[in-house]
Amino acid sequence: MDRLRAPYATALLACFAVLTLRSHERIPQAHLWAEDGAVFLTDALAHGLGATFIPYAGYLHIVPRLLAWGLSLLPIEAFALGLAWALLAINAAVFALIARVRCRWLVPHDGVRVLLAVAFCFLPGTWEVMGNLANLHSVLFYGVMFVALQDLERPLGVVDGALLLAAATSAGEGVLMAPVFFLRGLLRWRDGQPLRSVLWEGLAAAVLAVPAGVNMVLFRQSGIAAADFAAWPLPRMAEHLWNTLNVRYVLHPVLGDGGTLSYFRRPFVVRALVTVGFIAVLVLGLRRVPARQRVLLLVTCACVFLLIPLTWYVRAGAADYPTFGEFRDPGVVEDRYMLFALPAGLALWGVALARFRPLFAAGLCVSVVVLALPRWTFEPWGAERDWARTARLIRTTRETPGAQAAVPINPTGWGITVHGPPRPAR
């Protein structure tokens with residue numbers, strides 16, 4: 001397992017198998033979640049390919065809209081299940097990026113990187129994020145992170161460029177990673193690498209930054225209510241930032257759900273000792289990483305964490321969500337916000353422990369999986385589970401002149417508005 005012939009393919013198959021097994025209840029009852037029906041399918045049926053550049057919630061969603069359009073060309077009966085399979089495959093393909101040979105400079109042991117990819121599939125938040133278009137932007141964001149962490153001795157490839165373009169046009173938060181590619185270009189330049197490789201890094205940063213300017217305009221035009229986080233008193237802001245950083249980068253990758261909950265029930269002295277001890281282990285491990293890799297890793301993790309305050313700023317009330325701050329409510333574990341920054345935290349621990357011994361990093365990955373066993377199964381999205389009935393209603397409505405129907409989907413309260421063709425003129 002130290003040197004695999006095809007580490008990425010191995011990780012891809014492992015991640016896809018794990019996500020499929022975790023979805024064993026959801027796939028037979030495939031249905032739609034939130035914007036998958038209310039926005040993406042609705043617009044694909046109404047506008048076809050023309051829906052590709054329609055903004056939603058203040059930014060573009062090119063990849064989700066293209067996927068919805070492509071699947072809408074199939075019989076409507078195949079839409080929900082086709083969407084589930086396609087998205088699980090994409091999720092697996094992104095998480096497996098850490099196993100590529102290009103990431104050997106961070107974790108030289110191929111088997112450990114494969115286990116890291118599998119461990120990503122068990123992080124909190126995956127219940128809501130895995131297998132739907134509404135949260136695909138979050139997965140694509142971490143794809144950018146994995147591209148940013150690859151070997152500086154290898155030029156960016158076509159696959160890397162395609163992934164960055166997909167993220168830039170579908171995940172507005174991808175702009176947070178632009179500084180990392182400027183750093184990569186600077187490191188290449190200092191190493192005396194060809195100008196072409198330096199310029200490719202600059203182009204990657206531009207690919208992430210330019211659509212962000214478009215999204216900024218769209219967000220202002222959307223009229224979405226501004227958040228109040230920027231007006232918080234500094235002590236309150238610092239407390240939320242510290243607790244979130246502590247959970248995502250220090251505690252949860254090691255302690256899991258139950259251990260992190262227990263941590264916040266302990267006296268302050270105990271919590272301080274635990275945090276200091278864990279940080280000391282991280283520091284000792286990272287000191288063994290060569291300087292260039294260490295700088296790139298730390299800057300990448302810092303940029304990923306910026307996703308937290310960005311979310312608090314653009315989503316009104318998000319900073320007060322129980323998924324942020326002190327971790328006290330086990331009910332929030334499957335909320336999509338719990339995934340924010342945790343892949344970077346797990347990667348940080350994996351790199352640090354692998355520098356002591358690969359076995360330690362492998363043990364961490366196994367521990368992440370074992371501690372997640374109580375939430376192994378991805379249960380169905382909600383009460384709406386009979387897609388065949390839903391598909392019949394959609395098809396009948398679309399074939400009936402002048403008809404209109406409100407079709408419920410998950411979660412409760414969401415739905416699809418379907419229109420039939422115009423009535424013929426008399």
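# Close-up views of a predicted model

**View 1. Helix α4 and its buried residues.** The buried residues of α4 are F79, A80, L83, A84, L87, L88, N91, A92, V94 and F95. This model is predicted. An α-helix has 3.6 residues a turn, so residues three or four places apart point the same way. Helix α4 has 17 residues, which at 1.5 Å a residue should span 24 Å. Its end C-alpha atoms lie 24 Å apart, so the two values agree.

**View 2. The largest cavity.** The structure holds four cavities of 30 Å³ or more. The largest of them has a volume of about 90 Å³. Its lining is made of 15 residues. Nearest the centre are R26, H31, A84, G131 and W381. Helix α4 (residues 79-95) gives the most to this lining, with four residues. A84 is also among the buried residues of α4.

**View 3. The largest nonpolar core around M177.** This core has 138 residues. M177 and F181 have the most contacts inside it. Helix α7 (residues 136-148) supplies the largest share of the core, 10 residues. Which residues does M177 touch, leaving aside its neighbours within four places in sequence? They are F141, V144, M145, A148, L208, T300, C303 and V304.

**View 4. Helix α10 from end to end.** Helix α10 covers residues 195-222. At 1.5 Å a residue, its 28 residues should span 40 Å. The end C-alpha atoms are 41 Å apart, which agrees. Its buried residues are S197, V198, E201, A204, A205, L208, P211, A212, N215 and L218. One of them, L208, is in contact with M177. The cover over these buried residues includes α7, α8 (158-170) and α9 (178-190). Just after the helix comes G223, with a positive phi of about 75 degrees.

**View 5. The largest pocket.** About 1,100 Å³ of space lies in this pocket. Two or more lining residues come from each of α2, α7, α10 and α14 (307-314). Helix α10 gives the most, with six residues. The lining has 38 residues in total. A57, Y59, F219, V314 and R315 lie nearest the centre.

**View 6. Two alanines with positive phi.** A57 sits in the loop between α2 and α3. Its phi is positive, about 55 degrees, although A57 is not a glycine. A341 lies in the loop between α14 and α15 (342-354). Phi of A341 is near 80 degrees, again a positive value in a residue other than glycine. Are these alanines buried or exposed? A57 counts as partly exposed because its relative accessibility is 35%. A341 counts as buried because its relative accessibility is 0%.

**View 7. The β1-β2 hairpin.** Strands β1 (residues 404-408) and β2 (residues 415-419) pair in the antiparallel sense over five bridges. P408 has G415 in β2 as its bridge partner. Six residues separate the two strands of the hairpin. In the turn, G413 has a positive phi of about 105 degrees. P411 also lies in the loop between β1 and β2. The peptide bond from N410 to P411 is cis, with omega near -10 degrees. In a regular strand the side chains alternate between the two faces of the sheet. Strand β1 has A405 and V407 on its covered face. Its uncovered face carries Q404, A406 and P408.

Technical notes
Residues numbered from 1 in each chain as written. Predicted model: local features only at pLDDT ≥ 70, side-chain atom pairs only at ≥ 80, totals over all residues. Heavy atoms only, no water. Core = buried A, V, L, I, M, F, W, Y, C linked by side-chain atoms within 4.5 Å. Buried < 20%, exposed > 50% of the residue type's maximum accessible area, 1.4 Å probe, protein only. Contact = heavy atoms within 4.5 Å. Pairing = 2+ DSSP bridges. Expected span 1.5 Å × (residues − 1). 1 Å grid on protein atoms, 1.4 Å probe; cavity = no way out; pocket = protein on both sides within 12 Å on 5 of 7 lines; lining within 4 Å. Points joined across faces, edges and corners; volume = space filled by probe spheres on them.
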